[in-house]
Amino acid sequence: MMNKRLSFLIKGVILLQAVLCLLLTLFLLSNSYHKTVLDYGKNEVNAFDIHLNKVAKDQLEAVHAYLADGDAFLIKENLVESDHVSKIEISVGGNFNHAVGLSFSGINLFNKQDLRMLNNANATAVLGQNEGSVDSIKSIPEVFLGPRIYVDQFNPGDVKNTLGNYTVVGLDSAEQQQFIKELSRIAGVSIDDLSQQKSGFIDENGTAGDILKISLLVVTIILAILFVIYTISAFDEIGILALLGWSREAIFFKMMQPFLLFSLLCIVVNVGLGYFISGIKLSGISSYIMAGCMNLVLVSVMLLLINVIILASNTLKLIKKIIPVKTLYGLGMGVYIALSMGLVLSVLALDGPIKEVQLNYKILTSWQHVANYQTLKSVSEGQDKGSLSGLRQELDDAVFQWYKSIEGDTGVYLASGQYYTKALLKQLDHVGVYTSKMPAQPFSLLNFSPNYVIDHHIYDDVETIRLANKGVRVYLMPKSWDDSRVTTLKNWLIESDTDSATIKTKFNQQPVFKFIRYDDNQDVFTWSSTQQAPVLDKHPVMLISTSENMNEMDYRNLRTSTLDGPLKFKNQQTLMQHTKPSDLEKHQLSDNHLNFVSVKKYVNGLQKDLKYTIELFGGAVLFVMLSMLLILIALVLIFNLSNHKLIFVKQLLGFSRSEIYGWLFIFISLVTLLQMIGVWYGRSKLGLTLVPINYSMQIIMMIVYIKRRNIMKMKRG
């Protein structure tokens, strides 16, 4: 009866919508699972949290012993990164008589008996899987898109991992007070400090949820457009059926029954697919059915809207092919305008990643002479859990001691830069962090090791470098600057660099500054990777940085794993010489997986990461453009069906297509003008190019469609 190809296409889109409903439901299920894991033990009677943020090293062993041998059951969770996979480690210890299990949606993940079995097993035993299945004594179901979890027990010999956030279970009110008082005494920290969380982790998969929601919205809009086109293209046959005595309700059910039945069939498909991919099999059957019902509801709502279109015309109007023009025009134009706004927003969102790609290309071309320099790309916590979140500083200490041991070696450099724009300086001044007057003019602040400035012929005064090595904070200031500007910057740097940190460098123990004016008559490479920063600067401010004149920020930043990180090796050979396994093990870095890559490879990696973002937003742009085109076709269909006699007469009188469909061309042009204003206001270069292209494509495709439809009408006679 109806267009079979369009019918098959609609069923395909309904199936795709059903799958997306299932994936979105499983995502929401995984979020619930995630929350259940993070709240493990917290909902038990008399459960409470304690936070061991800072404890002196000589007291850690006593604290560890008290926690492990006490009457309470303790739960501690950490985020573990392994082979680019995030896992939640649940460590348990203390009195296992008070142990509690964990269940989710009627599924027993592990119970009290499993935990007792874990306690009686060897020290490496786990519930679930960590690095492999060898030490696993029980499997734990993994929910699709949810976090991987495994349970281990506190290692009696692992005293340095005592710090962290704990949930304490199994103590009554009086025992709780006694426990906290005793822990406070042993740890040497106040009860208030034990109750304040100052670290933790976030393990989010929100991007997956956003993608699924956007994808479902996209598919739903496409399906609605296809339904409208399907209905409009069938008005000839609807009129014939009405002439034969069919009621409008009967016509509607005749047209739409196959789609309703197919949507019901999709519920069965969802149950089967959910069983195989969810990770919880039939335990999640209610969620699979709910996803199928969600798809059925979406399809039903669309069909009801179609029914409204049919019911809006009486039988006589259907026979005469008179359709509810105002309703359809309002719906079509409203969706078209909404999509045109979506196109502007998508283009503006795409502008950022494209600018990043352009910046990376700029870096690749202008940084050619340092393309083979090796920079730190990633570092893991290893056994120093809590170091990346700032809870502990063992990793910072280890990296510092390692750098100190190789400082000054050929090709081992500190080299980084930051460009202070006017906007950034105004922001810092507005926040009011500093009491000193802020510099008013933008400048580059570069951080170089002594051997870097010597090897690159920037500065080579022996006495100045000797002062830096003795712990003096030596800054090189451009001679071309006036005294007022230099004085302002001096005062700000002194305030900025002086802190109350406990790191043991000579500068931190006794802060001394030295400001030296240098001849700024050559370009200096800035190592700044921001859009506004110059690649070369003749008048930078430079810190001669050594291990002894570092402040706390320099100390912590040594392990910065970005392109702006300070630690550099001149080439791969130099890197290999200083990252031998024996050298890293000597400084307790063998488990931290220091990953150095060349500057060129680092930037190429950024390009690959951005490629995904560009593909995502690029897909959204293409979808919007396609949807707008479909809506225009629908508007042409509406116009043709509602004015077929007038169009026929005008064509006989020699009216051109532009004269017949002029109102639609004007509508498209006005919307495009609004789009151009939007992208111009958003300063989107991509938008200023893409919007006119989209406009041209719509005009061309609309003319082709109108011409082809007229030819097909002539063939039919």
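Predicted model: local features only at pLDDT ≥ 70, side-chain atom pairs only at ≥ 80, totals over all residues.

User: Thanks! How many residues are in the largest nonpolar core?

Analyst: The largest nonpolar core has 97 residues. A nonpolar core here is a set of buried Ala, Val, Leu, Ile, Met, Phe, Trp, Tyr and Cys residues joined through side-chain atoms within 4.5 Å. Buried means under 20% relative accessible area, exposed means over 50%, and partly exposed is in between (1.4 Å probe, protein chains only). The residues with the most contacts inside this core are Tyr 40, Phe 73, Val 92, Leu 115 and Phe 227.

User: And which helix gives the most to this core?

Analyst: Helix 1 (residues 4-38) does, with 15 residues. Helices (H or I, at least four residues) and strands (E, at least two) are DSSP runs, numbered from the N terminus. The core also draws at least three residues from each of domain 1 (1-21 + 206-355 + 607-715) and domain 2 (31-195); those bounds come from an automatic or database domain assignment.

User: What is Phe 73 in contact with?

Analyst: Leaving aside neighbours within four places in sequence, its contacts include Tyr 40, Val 92, Phe 96, Leu 115 and Val 169. Contact means heavy atoms within 4.5 Å.

User: What does the second, separate core include?

Analyst: That core has 29 residues, among them Trp 367, Ile 458, Trp 527 and Leu 563.

User: Let's stay with Trp 527. Where does it lie, and what is its phi?

Analyst: Trp 527 lies in the loop between strand 15 (524-525) and strand 16 (536-537). Its phi is positive, about 60 degrees, although it is not a glycine. Most residues other than glycine have a negative phi. Trp 527 is buried, with a relative accessible area of 1%.

User: Gln 588 has a positive phi too, I think. Is that one buried or exposed?

Analyst: Gln 588 is exposed, because its relative accessible area is 54%. Its phi is near 55 degrees, and its place is the loop between helix 20 (581-586) and strand 19 (595-598).

User: New topic: how many salt bridges does the count come to?

Analyst: The count comes to 14 salt bridges, each being a side-chain nitrogen of Lys or Arg within 4 Å of a carboxyl oxygen of Asp or Glu. Arg 185 forms one with Glu 182, with the closest N and O atoms 2.4 Å apart. Both residues lie in helix 4 (residues 173-187), three residues apart, about one turn of the helix. Arg 185 is exposed at 57% relative accessibility, whereas Glu 182 is partly exposed at 22%.

User: Which pair links distant parts of the chain?

Analyst: Asp 396 and Arg 559 form a salt bridge, their closest N and O atoms being 2.5 Å apart. Asp 396 is in helix 12 and Arg 559 in the loop between helix 18 (552-557) and strand 18 (567-569), 163 residues apart.

User: What about Asp 554 and Arg 473?

Analyst: Their side chains meet in a salt bridge (2.5 Å, N to O). Asp 554 lies in helix 18 and Arg 473 in strand 13 (residues 473-478), so the pair ties together parts 81 residues apart in sequence. Asp 554 is buried at 11% relative accessible area, and Arg 473 is buried at 2%.

User: Last stop, helix 24. What span should its 20 residues have?

Analyst: Helix 24 (residues 662-681) should span 28 Å at 1.5 Å a residue, and its end C-alpha atoms are 29 Å apart, which agrees. The expected span is 1.5 Å times one less than the number of residues. Its buried residues include Leu 664, Phe 665, Ile 668 and Gln 675.

User: What does Gln 675 touch?

Analyst: Not counting residues up to four places away in sequence, Gln 675 touches Ser 340, Leu 343, Val 344, Met 628 and Val 691. A polar atom of its side chain lies 3.2 Å from the backbone oxygen of Ser 340.

Terms used:
Residues numbered from 1 in each chain as written. Heavy atoms only, no water. Polar contact = N/O pair within 3.5 Å; in protein donor to acceptor, adjacent residues only side chain to side chain.
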